Amino acid sequence: MHKTKIKVLGLAIILVLTTIVLIGCNRGGGRTTGAQVTRDPSEVVNPLNQETTMPIRVLLLRGHTQSGSRQQQWLEERYNVNFELIVLPGAADANARTSLMMADDRERPDIVWWNDSMAPDFTRWRNAGLMVELTSWIDKYTVMRDYLNSQDPRSLFFAQDDGRIYRIPGDISEPGCETIWLRQDWLDTLGLAIPRTLAELENVLYAFTHNDPDRNGQNDTYGWGAAGDDLRYFWPWIQGSGGGYGNHYYTFSRLADGSFVYSAAHPDTRIWVERVADLYRRGLMTPNSVVNGVNFTEEMNRGYFGGWHRWVATNNPTSQTTYLSLNPEAVLVPVDMVAGDNGRPQENPGFLAAWCFFGITRNASDPERLFALWDDMQSPGYDGPYVMKRHGVQGLDWDWHPDGTFNRIISATENTEMNFGVNIFADMFNRKDRWNISNTPETVALFENRGINSREAYARGVERKDVVSYPVWNRHGADLTDIRDGWIWSVIAGNESINTWDAYITRLNNAGMAEVIEELTERMAIQDRDMREFLSARGFLHLIQ
């Protein structure tokens, strides 16, 4: 633990300065790191029964970020704490600001949020002793642990380092969070059935493009919508081409014989890229499908295409408000994944590892109490702290529609202007179960179905733990990714022929692809062993393959 060195002139000065350091709350000009409260390991902290008010500096990016909100005050009273919100600038500058604050003993927050692009920074913080180890507390204060285990116990594996835990997943995707969306009203107008195969889907897209589904007499509709910054819009073709090993989203695929391949170099990739390029060439996709930087939500709300692959949460009525206000005749329907070449359709699987984390730094005056209250903050129940901080007060901020679905009473604008503080501390632990009450029961069931029907695709993919421990990939990965993205998008847009495949593979090989696969093979043998040990120790033997 760092302590500021103080030149003393006398006992009185020593006592005064020591008191200031221990309080550690000189907020105006920064503060020093004080002595931490230590406890007997058998003691269980009750965060609701604390006589001393504890200051907590929180570094955060998203969610409600105005200080002194109604929800913040409610949490402060519940836990007898005083939150100081340190709000990061926009995402582009957040990493740099976080690094600067973590390097400064006087400015470092008590609890810090970061995204997965800062993995090397986290490793440096941990190695420098800036992060508090949370291993013993995750099984002592168990709300967060129990939730993560209920979703998938392997998620915690991706958050631990050499058997120890210094970070908690802030947000983890549902096992399957995307689905095909089609306009049912266009299907009905054209007398078309829900497609079950890739061929049937492409026939629907042709009809949506050429048969005037909106009956306005104009040639102004398209079958499929996408945006040129994410290949997941083309997931129906990715999973349905060949054996489904061309899933670039996981970077690498695990083949049936246990070996590995760079997904974008697998022959399945050539198949799906050629098929998507043909759709674009035939005009069945929007022109902006290959344009990087397009705001897909704005494109979707224009209502000029009838199919896309996007979030399951669109099923919630609250997510369709803008779309239906601009397209009142539209009826959206989620469609089960269509079958392709192998006859086993698979939804797009989410990662088990979080895309963001939070942790407690050595600046915290009472780290165990801070962990205990953060754990309690995620407790379920309609009047529990999780629903309260995320959705607000029932009857004031939200309520139930007569049909039992969630009704958001206050708008985002009202939440900001009135400083209600609803959704404070977003991404510093999100639940994706039934206590995300904005999901209707139908949406919860849809999430579950898409998750179940994505497990074969997940098993084909490779999820690496701690990419910073892959030095060969870190040397060659950026070049491989640039070659991959450049070739795929060029072919889809019609700027390059699919027949340049062999030259494309040669470029990947020259950029170090073989060395990367060799490193992956070695590292995954270790990761698989560690995963088995982790699951076995925690009583989840049934998940060991």
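The model is predicted, so local features need pLDDT of at least 70 and side-chain atom pairs count only at pLDDT 80 or more, while totals for chains, interfaces and linings use all residues. Residues are numbered from 1 along each chain as its sequence is written, and side-chain values use heavy atoms, leaving out hydrogens and water.

**Strand β11**
- In strand β11 (residues 305–311), 6 of the 7 residues are buried, which means under 20% relative accessible area with a 1.4 Å probe, protein chains only; strands (E, at least two residues) and helices (H or I, at least four) are DSSP runs numbered from the N terminus.
- Strand β7 (residues 178–183) runs antiparallel to β11 and is joined to it by 5 bridges, whereas strand β8 (residues 222–224) pairs with β11 in the parallel sense over 2 bridges; pairing requires at least two DSSP bridges.
- Gly307 in β11 stands opposite Leu182, and Gly307 is also the bridge partner of Trp224.

**Helices α11 and α19**
- Helix α11 (residues 267–281) packs against helix α19 (residues 471–493) at an angle of about 35°, with their axes 7 Å apart; axes are lines fitted to C-alpha atoms over the stretch in contact, and angles run from 0 to 180 degrees between N-to-C directions.

**Nonpolar cores**
- The largest nonpolar core has 70 residues, of which Phe234, Trp237, Tyr262, Trp272, Ile492 and Leu508 touch the most other members; such a core is a set of buried Ala, Val, Leu, Ile, Met, Phe, Trp, Tyr and Cys residues joined through side-chain atoms within 4.5 Å.
- Helix α19 gives the most to this core, with 9 residues.
- A second, separate core of 65 residues includes Leu60, Met144, Phe157 and Trp374.

Terms used. Buried < 20%, exposed > 50% of the residue type's maximum accessible area, 1.4 Å probe, protein only.
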